[in-house]
Amino acid sequence: MAAYRWKSFNDDGDRPEKPRRYGVTEMKSPHYSLFSRGLIEDVFESMGQFVDGLKLCDGSHTLVPKTYIKEVTDIAHKHNVYVSSADWADQMLRQGPSAFKEYIEECKQLGFDTIELDAASLGLPEETLLRYVRLIKSGGLRAKPQFSVKFNKSDIAFTGDRAFGAYVIPPPQTSEMVEDVDLLVRRAERCLEAGADMIMINADDLCRQADLLRSDMVAKIVGRLGLEKTMFEASNPKISEWFVNRYGPKVNLFVDHSQVMDLECLRGRNLGQNNASVLGRSYFLL
(Lines give C-alpha, C1' and ligand atoms only; values in the text may rest on other atoms or scores of the structure.)
Protein backbone atom coordinates (compact mmCIF):
# COMPACT_ATOMS: atom_id res chain seq x y z
CA MET A 1 0.00 0.00 0.00
CA ALA A 2 1.30 3.46 -0.85
CA ALA A 3 2.49 5.78 1.90
CA TYR A 4 0.14 8.56 0.76
CA ARG A 5 -3.00 9.10 2.86
CA TRP A 6 -5.04 10.27 -0.12
CA LYS A 7 -4.03 7.58 -2.57
CA SER A 8 -3.85 3.81 -2.58
CA PHE A 9 -3.27 1.37 -5.42
CA ASN A 10 -5.46 -1.60 -6.27
CA ASP A 11 -4.93 -4.20 -8.97
CA ASP A 12 -8.60 -4.15 -9.96
CA GLY A 13 -9.68 -0.52 -10.07
CA ASP A 14 -6.41 1.33 -10.38
CA ARG A 15 -2.80 0.50 -11.12
CA PRO A 16 -0.68 -1.81 -8.98
CA GLU A 17 2.28 -0.69 -6.93
CA LYS A 18 5.57 -0.06 -8.72
CA PRO A 19 7.11 -1.50 -10.76
CA ARG A 20 4.08 -1.24 -13.04
CA ARG A 21 3.53 -2.80 -16.45
CA TYR A 22 0.65 -0.46 -17.29
CA GLY A 23 -0.56 2.93 -16.11
CA VAL A 24 3.05 4.07 -16.42
CA THR A 25 3.90 7.75 -16.00
CA GLU A 26 7.23 8.72 -17.53
CA MET A 27 8.45 12.18 -16.59
CA LYS A 28 10.41 14.57 -18.78
CA SER A 29 13.46 15.99 -17.05
CA PRO A 30 13.45 19.69 -16.14
CA HIS A 31 15.76 21.16 -18.79
CA TYR A 32 17.52 23.89 -16.84
CA SER A 33 17.58 22.58 -13.29
CA LEU A 34 17.72 18.80 -13.82
CA PHE A 35 21.02 18.25 -12.11
CA SER A 36 20.13 19.91 -8.83
CA ARG A 37 20.11 17.01 -6.40
CA GLY A 38 17.74 18.94 -4.17
CA LEU A 39 15.19 19.35 -6.96
CA ILE A 40 15.31 15.69 -7.95
CA GLU A 41 14.96 14.62 -4.31
CA ASP A 42 12.02 17.01 -3.82
CA VAL A 43 10.22 15.72 -6.92
CA PHE A 44 10.63 12.07 -6.02
CA GLU A 45 9.96 12.47 -2.30
CA SER A 46 6.71 14.32 -3.01
CA MET A 47 5.55 12.45 -6.13
CA GLY A 48 7.85 9.44 -6.44
CA GLN A 49 5.06 6.91 -5.99
CA PHE A 50 3.36 8.31 -9.08
CA VAL A 51 6.47 8.48 -11.28
CA ASP A 52 7.63 5.31 -13.01
CA GLY A 53 10.31 6.71 -15.30
CA LEU A 54 12.59 9.71 -15.82
CA LYS A 55 13.76 10.62 -19.32
CA LEU A 56 16.81 12.84 -19.74
CA CYS A 57 15.87 14.79 -22.85
CA ASP A 58 17.79 16.60 -25.59
CA GLY A 59 21.10 14.92 -24.84
CA SER A 60 21.50 17.12 -21.75
CA HIS A 61 23.23 14.30 -19.89
CA THR A 62 26.19 14.60 -22.26
CA LEU A 63 27.00 18.13 -21.06
CA VAL A 64 27.67 17.44 -17.38
CA PRO A 65 30.20 15.25 -15.53
CA LYS A 66 29.49 11.52 -15.61
CA THR A 67 29.74 11.33 -11.84
CA TYR A 68 26.83 13.74 -11.57
CA ILE A 69 24.74 11.70 -14.01
CA LYS A 70 25.41 8.60 -11.91
CA GLU A 71 24.20 10.44 -8.82
CA VAL A 72 20.97 11.39 -10.62
CA THR A 73 20.32 7.81 -11.76
CA ASP A 74 21.08 6.53 -8.25
CA ILE A 75 18.53 8.95 -6.79
CA ALA A 76 15.93 7.77 -9.31
CA HIS A 77 16.63 4.10 -8.56
CA LYS A 78 16.33 4.75 -4.84
CA HIS A 79 12.72 5.76 -5.53
CA ASN A 80 12.13 2.79 -7.88
CA VAL A 81 12.15 5.04 -10.96
CA TYR A 82 13.78 3.83 -14.18
CA VAL A 83 15.94 6.23 -16.22
CA SER A 84 15.64 6.57 -19.98
CA SER A 85 18.14 8.11 -22.35
CA ALA A 86 16.79 9.92 -25.39
CA ASP A 87 17.92 11.91 -28.42
CA TRP A 88 21.66 11.42 -27.96
CA ALA A 89 21.37 7.81 -29.10
CA ASP A 90 20.48 9.22 -32.52
CA GLN A 91 23.86 10.96 -32.68
CA MET A 92 25.66 7.71 -31.88
CA LEU A 93 23.73 5.82 -34.55
CA ARG A 94 24.96 8.20 -37.21
CA GLN A 95 28.53 7.26 -36.26
CA GLY A 96 27.96 3.56 -36.92
CA PRO A 97 27.25 0.35 -34.97
CA SER A 98 30.58 0.35 -33.10
CA ALA A 99 29.95 3.80 -31.63
CA PHE A 100 26.43 2.74 -30.68
CA LYS A 101 27.73 -0.34 -28.85
CA GLU A 102 30.07 1.89 -26.86
CA TYR A 103 27.14 4.16 -26.09
CA ILE A 104 25.09 1.23 -24.77
CA GLU A 105 27.93 0.20 -22.47
CA GLU A 106 28.37 3.75 -21.22
CA CYS A 107 24.63 4.03 -20.52
CA LYS A 108 24.84 0.86 -18.42
CA GLN A 109 27.77 2.24 -16.43
CA LEU A 110 25.92 5.52 -15.79
CA GLY A 111 22.83 3.69 -14.53
CA PHE A 112 20.43 4.11 -17.45
CA ASP A 113 17.78 1.42 -17.79
CA THR A 114 16.21 2.26 -21.16
CA ILE A 115 17.43 3.60 -24.50
CA GLU A 116 14.91 5.31 -26.76
CA LEU A 117 15.34 5.23 -30.55
CA ASP A 118 13.62 7.93 -32.59
CA ALA A 119 12.78 5.90 -35.67
CA ALA A 120 11.15 8.86 -37.39
CA SER A 121 14.10 11.27 -37.29
CA LEU A 122 16.67 8.58 -38.08
CA GLY A 123 14.96 7.30 -41.21
CA LEU A 124 16.52 3.88 -40.72
CA PRO A 125 15.60 0.88 -42.86
CA GLU A 126 13.36 -1.47 -40.94
CA GLU A 127 15.93 -4.26 -40.62
CA THR A 128 18.54 -1.81 -39.33
CA LEU A 129 16.12 -0.52 -36.69
CA LEU A 130 15.42 -4.09 -35.57
CA ARG A 131 19.15 -4.79 -35.36
CA TYR A 132 19.65 -1.81 -33.06
CA VAL A 133 16.74 -2.96 -30.88
CA ARG A 134 18.46 -6.35 -30.51
CA LEU A 135 21.78 -4.65 -29.70
CA ILE A 136 20.16 -2.73 -26.85
CA LYS A 137 18.53 -5.89 -25.51
CA SER A 138 21.72 -7.92 -25.77
CA GLY A 139 23.45 -5.14 -23.83
CA GLY A 140 21.08 -5.71 -20.91
CA LEU A 141 18.96 -2.56 -21.32
CA ARG A 142 15.35 -1.97 -22.31
CA ALA A 143 14.58 -0.72 -25.82
CA LYS A 144 11.89 1.83 -26.58
CA PRO A 145 11.51 2.76 -30.27
CA GLN A 146 9.69 6.03 -30.91
CA PHE A 147 7.39 6.57 -33.88
CA SER A 148 5.72 9.76 -35.07
CA VAL A 149 2.31 10.05 -36.67
CA LYS A 150 1.87 12.70 -39.35
CA PHE A 151 -1.30 13.60 -41.19
CA ASN A 152 -2.90 16.46 -43.07
CA LYS A 153 -5.16 18.59 -40.91
CA SER A 154 -7.50 18.94 -43.85
CA ASP A 155 -8.42 15.29 -43.27
CA ILE A 156 -10.26 16.33 -40.08
CA ALA A 157 -13.93 16.91 -40.70
CA PHE A 158 -15.39 20.29 -39.70
CA THR A 159 -17.41 19.88 -36.48
CA GLY A 160 -18.32 23.45 -35.49
CA ASP A 161 -21.69 25.12 -35.80
CA ARG A 162 -22.41 26.78 -39.12
CA ALA A 163 -25.41 27.90 -41.10
CA PHE A 164 -26.94 25.39 -43.48
CA GLY A 165 -25.20 25.56 -46.83
CA ALA A 166 -22.47 27.92 -45.60
CA TYR A 167 -19.15 27.54 -47.35
CA VAL A 168 -16.24 26.50 -45.13
CA ILE A 169 -12.72 27.15 -46.39
CA PRO A 170 -10.85 23.81 -46.20
CA PRO A 171 -7.56 23.77 -44.28
CA PRO A 172 -4.59 23.76 -46.65
CA GLN A 173 -2.83 20.51 -47.42
CA THR A 174 0.64 20.24 -45.90
CA SER A 175 3.64 19.40 -48.04
CA GLU A 176 5.23 17.09 -45.47
CA MET A 177 5.09 13.33 -45.74
CA VAL A 178 1.93 11.77 -44.37
CA GLU A 179 2.77 8.52 -42.63
CA ASP A 180 0.56 5.49 -43.08
CA VAL A 181 -0.57 4.48 -39.61
CA ASP A 182 -0.83 0.84 -40.72
CA LEU A 183 2.82 0.91 -41.74
CA LEU A 184 3.73 2.48 -38.40
CA VAL A 185 1.88 -0.25 -36.52
CA ARG A 186 3.52 -3.01 -38.55
CA ARG A 187 7.00 -1.62 -37.87
CA ALA A 188 6.16 -1.27 -34.18
CA GLU A 189 4.90 -4.86 -34.06
CA ARG A 190 8.17 -6.09 -35.56
CA CYS A 191 10.13 -4.08 -32.97
CA LEU A 192 8.13 -5.78 -30.20
CA GLU A 193 8.86 -9.17 -31.76
CA ALA A 194 12.56 -8.24 -31.78
CA GLY A 195 12.42 -7.60 -28.03
CA ALA A 196 11.39 -3.95 -27.63
CA ASP A 197 9.78 -3.32 -24.25
CA MET A 198 7.61 -0.31 -25.09
CA ILE A 199 6.61 1.70 -28.17
CA MET A 200 6.62 5.48 -27.73
CA ILE A 201 4.19 7.36 -29.96
CA ASN A 202 5.14 10.98 -30.57
CA ALA A 203 1.68 12.35 -31.14
CA ASP A 204 2.47 16.06 -31.42
CA ASP A 205 0.86 16.28 -34.85
CA LEU A 206 -1.73 13.70 -33.90
CA CYS A 207 -3.05 15.48 -30.83
CA ARG A 208 -1.43 18.87 -30.38
CA GLN A 209 -4.91 20.18 -29.63
CA ALA A 210 -7.52 17.95 -28.09
CA ASP A 211 -10.24 19.15 -30.45
CA LEU A 212 -8.11 18.14 -33.46
CA LEU A 213 -7.20 14.72 -32.15
CA ARG A 214 -7.39 11.84 -34.63
CA SER A 215 -9.09 9.33 -32.35
CA ASP A 216 -9.35 6.82 -35.20
CA MET A 217 -5.55 6.64 -35.52
CA VAL A 218 -5.08 6.35 -31.76
CA ALA A 219 -7.68 3.57 -31.62
CA LYS A 220 -5.91 1.64 -34.37
CA ILE A 221 -2.53 1.91 -32.60
CA VAL A 222 -3.96 0.85 -29.23
CA GLY A 223 -6.04 -1.92 -30.78
CA ARG A 224 -3.07 -3.49 -32.56
CA LEU A 225 -0.27 -2.92 -30.04
CA GLY A 226 -2.23 -2.93 -26.76
CA LEU A 227 -2.22 -0.41 -23.92
CA GLU A 228 0.52 -2.21 -22.01
CA LYS A 229 3.07 -1.90 -24.82
CA THR A 230 2.22 1.63 -25.98
CA MET A 231 3.15 4.99 -24.45
CA PHE A 232 1.81 8.30 -25.76
CA GLU A 233 3.49 11.66 -25.39
CA ALA A 234 1.00 14.09 -23.87
CA SER A 235 2.19 17.59 -24.73
CA ASN A 236 -0.36 19.35 -22.51
CA PRO A 237 -2.89 18.56 -19.73
CA LYS A 238 -5.83 18.53 -22.15
CA ILE A 239 -4.26 15.66 -24.03
CA SER A 240 -3.61 13.73 -20.80
CA GLU A 241 -7.24 14.19 -19.84
CA TRP A 242 -8.41 12.95 -23.24
CA PHE A 243 -6.32 9.78 -23.03
CA VAL A 244 -7.39 8.97 -19.46
CA ASN A 245 -11.06 9.65 -20.22
CA ARG A 246 -10.89 7.46 -23.33
CA TYR A 247 -8.64 4.61 -22.16
CA GLY A 248 -8.79 4.78 -18.37
CA PRO A 249 -6.04 5.02 -15.73
CA LYS A 250 -4.04 2.16 -17.25
CA VAL A 251 -2.87 4.16 -20.27
CA ASN A 252 0.90 4.87 -20.38
CA LEU A 253 1.76 8.56 -20.76
CA PHE A 254 4.90 10.66 -21.10
CA VAL A 255 4.43 14.11 -19.54
CA ASP A 256 6.35 17.12 -18.32
CA HIS A 257 7.46 16.91 -14.68
CA SER A 258 5.07 19.77 -13.84
CA GLN A 259 2.07 17.65 -14.92
CA VAL A 260 2.70 14.55 -12.83
CA MET A 261 0.36 15.38 -9.95
CA ASP A 262 -2.43 16.60 -12.23
CA LEU A 263 -2.16 13.39 -14.25
CA GLU A 264 -2.39 11.30 -11.09
CA CYS A 265 -5.55 13.13 -10.07
CA LEU A 266 -6.97 12.45 -13.54
CA ARG A 267 -6.15 8.76 -13.23
CA GLY A 268 -7.81 8.62 -9.81
CA ARG A 269 -10.90 10.42 -11.02
CA ASN A 270 -11.51 7.75 -13.64
CA LEU A 271 -11.42 4.60 -11.54
CA GLY A 272 -15.03 3.64 -12.08
CA GLN A 273 -16.39 1.98 -8.95
CA ASN A 274 -13.14 2.35 -7.07
CA ASN A 275 -13.28 6.12 -6.56
CA ALA A 276 -12.74 5.63 -2.82
CA SER A 277 -9.07 4.89 -3.50
CA VAL A 278 -8.44 8.46 -4.61
CA LEU A 279 -9.27 10.21 -1.35
CA GLY A 280 -9.07 7.81 1.55
CA ARG A 281 -11.42 8.08 4.49
CA SER A 282 -8.61 9.34 6.75
CA TYR A 283 -8.28 12.38 4.47
CA PHE A 284 -11.71 13.65 5.55
CA LEU A 285 -11.02 13.03 9.24
CA LEU A 286 -8.28 15.66 9.46
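## Helix 9 and helix 10

A crossing of two helices is right-handed if the near helix is turned clockwise from the far one by less than a right angle, and left-handed if the turn is anticlockwise. In this predicted model, the crossing of helix 9 and helix 10 is right-handed. The two helices cover residues 215-225 and 237-247; their axes lie 13 Å apart and the packing angle is about 55°. Angles under 35 degrees count as roughly parallel and those from 65 to 115 as roughly perpendicular, so helix 9 is oblique to helix 10.

On the helix 9 side the contact is made by Ser215, Val218, Ala219 and Val222, which meet Trp242, Phe243, Arg246 and Tyr247 of helix 10. Sorted by class, this contact of helix 9 with helix 10 holds six nonpolar residues, one polar and one charged.

## Helix 7 and helix 9

Helix 9 also packs with helix 7 (residues 181-193): the axes come within 10 Å and cross at roughly 25°. Helix 7 and helix 9 are therefore roughly parallel to each other. Their crossing is right-handed.

Helix 7 contributes Val181, Asp182, Leu184, Val185, Arg186, Ala188, Glu189 and Leu192, and these meet Met217, Lys220, Ile221, Arg224 and Leu225 in helix 9. The contact of helix 7 with helix 9 divides into eight nonpolar and five charged residues, with no polar ones.

## Helix 1 and helix 2

Helix 1 spans residues 37-47 and packs on helix 2 at an angle of about 15°, the axes being 10 Å apart. Because of that angle, helix 1 is roughly parallel to helix 2. The crossing of helix 1 and helix 2 is right-handed.

In helix 1 the contacting residues are Arg37, Ile40, Glu41 and Phe44; their partners in helix 2 are Tyr68, Glu71, Ile75, Ala76 and Lys78. By class, the contact of helix 1 with helix 2 has five nonpolar and four charged residues, and no polar residue.

## Backbone exceptions

Most residues other than glycine have a negative phi, and most peptide bonds are trans. Asn80 has a positive phi, near 60°, and is not a glycine. Asn80 sits in the loop between helix 2 (66-78) and strand 3 (82-85).

The peptide bond that joins Lys18 and Pro19 is cis, with omega about 0°. Pro19 belongs to the segment before strand 1 (25-28).

## Largest pocket

The largest pocket holds about 440 Å³ of space. Its lining is made up of 20 residues, and those nearest the centre of the pocket are Arg20, Val24, Tyr82, Arg142 and Met198.

By class, the lining of the largest pocket has 11 charged, six nonpolar and three polar residues. Tyr82, one of the residues nearest the pocket centre, falls within strand 3 (82-85).

Methods:
Residues numbered from 1 in each chain as written. Predicted model: local features only at pLDDT ≥ 70, side-chain atom pairs only at ≥ 80, totals over all residues. Heavy atoms only, no water. Axes fitted to C-alpha atoms, helices over the stretch in contact; angles between N-to-C directions. Helix = DSSP H or I, 4+ residues; strand = E, 2+ residues; numbered from the N terminus. Parallel < 35°, antiparallel > 145°, perpendicular 65-115°, else oblique. Contact = heavy atoms within 4.5 Å. Nonpolar A, V, L, I, M, F, W, Y, C, P; charged D, E, K, R; others polar. 1 Å grid on protein atoms, 1.4 Å probe; cavity = no way out; pocket = protein on both sides within 12 Å on 5 of 7 lines; lining within 4 Å. Points joined across faces, edges and corners; volume = space filled by probe spheres on them.
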